[in-house]
Amino acid sequence: MKNRLIKRILVVAMIAACSWAVISAKTITGNLNVVPQPYSVTQDLEAAPFVINKSTIIAYPEGNAVMQRNAEFLASYIAKSCGFAPRVAPESKAKRAIVLAVDAGIGNSEGYRLKCDKNGVTITGGSEVGVFYGIQTLYKSLPITKDTGNVAAVPAGEVNDMPRFTYRGFMLDVGRHFYPVEYIKEVIDMLAMHNINYFHWHLTEDQGWRIEIKKYPRLTEVGSVRKRTLIDQKTQTYDETPHSGYYTQEEAREVVAYAAERHITVIPEIDLPGHMMAALVAYPELGCTGGPYEMPCRWGVFDDVLCGGSEATLQFAKDVLSEIMDIFPSPYIHIGGDECPKKHWKTCAKCQAKIKELGLEDTAEHSKENQLQTYFMGEVGKLINSRGRKMMGWDEMLEGGLAPGATVMSWTSPKPAAKTARLHHDVVVTPIQYLYFSNPYHNGRKGIKSLQRVYNFEPMPSELTADEQKYVIGTQGCLWTEWTRDTVKVEWQILPRMAALSELQWAQPENKDFNNFLQRLTPLLKVYDSRGFGYRKDLHEVYVQCFKCKYEGKSRVELTTLAGEIYYTLDGSEPNKQSMRYYGNIVVDNGVILKAVAYRPDGTTTPIATEKIGATVWTE
């Protein structure tokens, strides 16, 4: 009798404990307004949300392997946010389900509709790709409840969404610094989270050849290794440490497959006829002078390039690209075309003979050497087109006249984009001034201003007609890695500017608002944290910018932060809540020492920012 009583007491106690756990757990409801901003969002915050728990099922159309994979992705995302992975199953009538479906009636293959009420969530895409983007929105709408004891819920509402541009790209240069396959996959995961659908992989450079070519093994045996690396431009200091690395063809195929599962196309770039020092060191006969050539350990543009008049060199380019196209099924094959000095072409017997054979002459717009480059790239382009692919290159291709069917990446400024569109060639807009995340001048902008520079850029040239605008197929961010030696700096440069980029690529201009973007960015940063992605933490610090103003001896000062209220002093004292509060632009005497601090919503403060006014002045 006594043992039975003890058992009953224990059972009651356990039930009470479980009940208390359920009662004490809070339901945290997320927000369907995510980054990038969906086309339209309606939320009923008074209606009961859909609570995600361990009984939730993710249902997909039976027999559809791509949708099954989408469902598994969603389960893994929920596990990262909530600490458990819901069960994945073919179509089910079970209650409390997240149902994935395809309906061509959506009208856009990348578009989707997300509906949620207390009984479940339905994500319907124009294709399996559209469903994947709907999954990204659901994932980013979830609060992070893992290890908190709280429960995540999706608000009642509806999202109808589709992208602005069909081409939404990001480029990573691995020629200057090599990153292993596992990290390339991590970058691809970042792209997927931001609805980016093209990964531009810059595989060759003067300082390193990073992809195995079986017909030319010395490209990686010799061309993937440099003795040392420049680490300080001003002092010309080198690290004296060898740097090397390349991807086997099997590894490259592994990356292609990994990206394809996430509906991302990998575009390979073999940069030619310039930026080819690594190839010339391996095969000196490919150049105009025959060498000897030395592997560059510093950055810049080099006069030694592929010989534009040599049939053997042209065959080398075709052989390399033939193997590249065997590895990469991408519709685009990027062949560079940028920064190719013609110094040696002007004195090279083979180049001048080819110019004469082709009947090329200098014109007001194009030198005969630039036209020779167009010929060289056009011949390569014929091979690319014969394989059912499209040739892509940087905007220097315009200097000698565009080869038929070429797609241009407008990088030197936004202007070549308009010129290309007027020629009725497709163009991707990626100007150095806005979308090069490694640009040293614009990287000087810290915190929120580094985001604003990207976010406020409008990629569509205003001077184009409606017919010409259709040739602007998208926009791309780029990360060049001359000064990016490790993955910590890669992520510091990429994030969260990739969030601003994604909204530039995906959202309609009329739906963009920077202040609203900043509100939606805060929960996304928590997702970054949950994934272990590094990002610029100076978003939460006070950033001081001085601008010229009409008053002599004074500057207009802007203070920005993501943290909260800003207080500042101009007398050298430490700022606090009794100091002057910042509400907007202020005009301050040059030479004054400004100190500022921000109070976060949780009551903590940022480090104190100190700036001598006028010491660094930005232009508008």
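Predicted model: local features only at pLDDT ≥ 70, side-chain atom pairs only at ≥ 80, totals over all residues.
Residues are numbered from 1 along each chain as its sequence is written, and side-chain values use heavy atoms, with hydrogens and water left out.

His243 sits in strand S18 (residues 243-244); strands (E, at least two residues) and helices (H or I, at least four) are DSSP runs numbered from the N terminus. Leaving aside residues up to four places away in sequence, His243 touches Arg176, His177, Phe178, Arg210, Ser224, Val225, Arg226 and Thr229, and contact here means heavy atoms within 4.5 Å.

Strands of a sheet pair through backbone hydrogen bonds, either parallel or antiparallel. In this model, 8 strands form a closed barrel in the order S11-S12-S19-S20-S21-S22-S23-S24, with parallel pairing. From one strand to the next, the twist averages 30°, with axes being lines fitted to C-alpha atoms (for helices over the stretch in contact) and angles running from 0 to 180 degrees between N-to-C directions.

Let's zoom in on S11 (residues 167-173), which runs parallel to S12 (residues 198-202) and is joined to it by 5 bridges; two strands pair if DSSP finds at least two bridges between them. Phe170 stands opposite Phe199 in S12, while Leu172 faces Trp201 in that strand. S11 also pairs in the parallel sense with S24 (residues 472-479), over 6 bridges, and there Leu172 stands opposite Leu479.

How many of the 7 residues of S11 are buried? The count is 7 of the 7, so S11 is largely enclosed by the rest of the structure.

Elsewhere, helix H10 (residues 368-386) lies across strands S19 (265-272), S20 (332-336) and S21 (390-394), running at about 145° to S21.

Conventions
Buried < 20%, exposed > 50% of the residue type's maximum accessible area, 1.4 Å probe, protein only.
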